[in-house]
Amino acid sequence: MALISEKDARYLQKVFSEQLKDPVKILIFVDDKSECEYCDLTEQVLQELSSIDSKLEMYVYHVKRDKQIVDQYKIGMAPAIVLLDKEGNDSRIRFYGIPSGHEFSSLIQDIISVSTGKPSFFNAEQIEKIRSIDSPVRIKVFVTPTCPYCPKAVLMAHSAALVNSNIIAEMIEANEFPEMSMNYGVSSVPHTFINDKHDFVGAYPENAFIQELFKAVGDD
Amino acid sequence: MLFDVGLKGEIKDHYDVVTVGGGPAALGAAVYAKRAGLSVLVIEKTLEGGQLNLTTYIDNYLGFSSIEGQELARRMKEHAESLGTEFLNAQATKIIVEDEKRIVRTEEGRLISAGVIMIATGADPRKLGVAGERELTAKGISYCATCDGYFFKDKDVAVVGGGDTAINDALYLAKIARSVTIIHRRDKLRAVKILQDKAFSNEKIKFEFNKVVEEFVGSKKLEEVILKDTKTGQLSRLKFDGVFIAIGLMPNSELVNGIVELDESGYIITDESMQTSVPRIYAIGDVRKKNTRQIITAVADGAIAAMHAVEHYFS
């Protein structure tokens, strides 16, 4: 049975045909079924998604067997999704866990961003500010699929990654990685961690987010 | 919201109507003002639709026998957007009144002048204001059951409150958690009967009547709740993994405190056209002093304010 309904597929077809510019490569990292409850489902939904528009190319890797590429993108868990631009450059946008519920919209939005090179958030001035960060930054955004504020927090972090090659931004679906969520003390979402030490709960407006980013970088 | 592409045009320096807040009241006002030919900017700090986004199902908005809150929010935004309403994602920090001029200042220092300003900042979940609440928020204490419910799968949670929202939350959480205890300060619930019946017949839901929360206890995360019996004064300690607080709302009127007239609870006082004590500043939706706070009345407030503004300031 199709995970994406016919109606949604038609809608996406229209959105993609109107908004996609360059091809996007979607890498998905899966594990054995016994190890990963949602890997099959993630692979299936992305298969369906990438069949909607010929600009979307999907590549499937095994998180344990395809060691070289796993290391290249520093993938730690499965399922994971990485988006690359037409030349194969890493967008540094990561999804850990199935992008279902509200997070499906984040994935669609991110695909369009990578295709057009335009981040979902930030104006020229804000982008310039984010680009001035010259040390490695890793942003984790813990979410649940039923959280309406979460896509905003995710797209904010992903937008920052898209405009600065020092930043990697990861969405983490908290239910699928309960141990990690517990270790980070996550029980309300969206919960964003920058370089694992600076954190805040909630979806912040653009400038407030940038402030948090600089607070975290300033701590280094 | 599913396919909100988020592309934004440049924000201009002046609009006929600027709403601060983007819930049903603001979107209702936007629809009426746009159709009258005015330019409209909606300034929203988090997510258009406001509290709609926190409600799982809405069963009392006319025309929809049952609709998800987030879906209704998405449709309202789309409706306003299709007419040319512009949106700005920012926090308004100041309202400036100079003679006829009305200006909104945002956190990043942007100044937007307006023919009229509509304060539609709504209300936020009210806090209990007891020891441990602030420290343990997001560490076991939550104000959004749909957001955070899944962190308490097969665990023991409590809901504080006895109104519609509290009982709705309890019913939602009962699908996820091992047990749900409703803590209520009175001896009966205030929620509508249809919800009460559902709660009383749900075997996962327990009740602690005539109890108030005295303190939340926990070091790294919430461990215990100390309850006080309102009749006997006796204290008891109960262990919960999570507590969801749903005891009503607090108006977000800080922005206009000292500018327009507020009542003793902080709600903005308006006339029947929704205008505040300052001309060209309206207050609509939950932030306004009124008896009924429902989606349908919020939308109506927006329509009334927009039509009044059109007639008095733009014709």
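Visitor: To begin with, is the crossing in which α5(B) passes α6(B) left-handed or right-handed?
Guide: Please keep in mind that this is a predicted model. In it, α5(B) passes α6(B) in a left-handed crossing.

Visitor: At what angle do these helices of chain B pack, and how far apart are their axes?
Guide: Helix α5 of chain B covers residues 164–174 and helix α6 of chain B covers residues 193–200. They pack at an angle of about 35°, and their axes are 10 Å apart.

Visitor: Which residues make the contact?
Guide: From α5(B) come Asp164(B), Ile167(B), Asn168(B) and Leu171(B), while α6(B) contributes Leu195(B), Lys198(B) and Ala199(B). Sorted by class, the contact of α5(B) with α6(B) has 4 nonpolar, 1 polar and 2 charged residues.

Visitor: Let us turn to the two chains. What area is buried between chain A and chain B?
Guide: The buried area is about 2,600 Å², and carbon and sulfur atoms give 56% of that area. Chain A brings 32 residues to the contact and chain B brings 31 residues.

Visitor: How many salt bridges and polar contacts are found across the interface of chain A and chain B?
Guide: The rule finds 0 salt bridges there, but 10 residue pairs in polar contact.

Visitor: Which element of chain A gives the most to that side?
Guide: Helix α4(A) does, with 6 residues. By class, the side of chain A that touches chain B has 17 nonpolar, 13 polar and 2 charged residues.

Visitor: How many salt bridges are there over all chains?
Guide: A search of the whole structure finds 32. One of them pairs Lys12(B) with Glu86(B), whose closest N and O atoms are 2.8 Å apart.

Visitor: What does that pair tie together?
Guide: Lys12(B) lies in the segment before β1 of chain B and Glu86(B) lies in strand β5 of chain B, so the pair ties together parts that are 74 residues apart in sequence.

Visitor: Changing topic, where are cis peptide bonds in chain A?
Guide: One joins Ala78(A) and Pro79(A), with omega about -5°. Pro79(A) is in the loop between α3 and β3 of chain A. Another joins Val189(A) and Pro190(A), also with omega about -5°. Pro190(A) is in the loop between α7 and β7 of chain A.

Visitor: And what is the phi of Asp196(A)?
Guide: Asp196(A) has a positive phi of about 65°, although it is not a glycine. Asp196(A) sits in the loop between β7 and β8 of chain A.

Terms used
Residues are numbered from 1 along each chain as its sequence is written. Chains are lettered from A and ligands numbered from 1 in the order in which they are written. This is a predicted model: local features need pLDDT of at least 70, side-chain atom pairs count only at pLDDT 80 or more; totals for chains, interfaces and linings use all residues. Side-chain values use heavy atoms; hydrogens and water are left out. Axes are lines fitted to C-alpha atoms, for helices over the stretch in contact, and angles run from 0 to 180 degrees between N-to-C directions. Helices (H or I, at least four residues) and strands (E, at least two) are DSSP runs, numbered from the N terminus. A crossing is left-handed if the near helix is turned anticlockwise from the far one by less than a right angle, and right-handed if clockwise. Contact means heavy atoms within 4.5 Å. Ala, Val, Leu, Ile, Met, Phe, Trp, Tyr, Cys and Pro count as nonpolar, Asp, Glu, Lys and Arg as charged, and the others, Gly among them, as polar. Buried area is the accessible area (1.4 Å probe) that two parts lose on being put together, summed over both. A salt bridge is a side-chain nitrogen of Lys or Arg within 4 Å of a carboxyl oxygen of Asp or Glu. A polar contact is a pair of N or O atoms within 3.5 Å; within protein, one must be able to donate a hydrogen and the other to accept it, and residues adjacent in sequence count only if both atoms are side-chain atoms.
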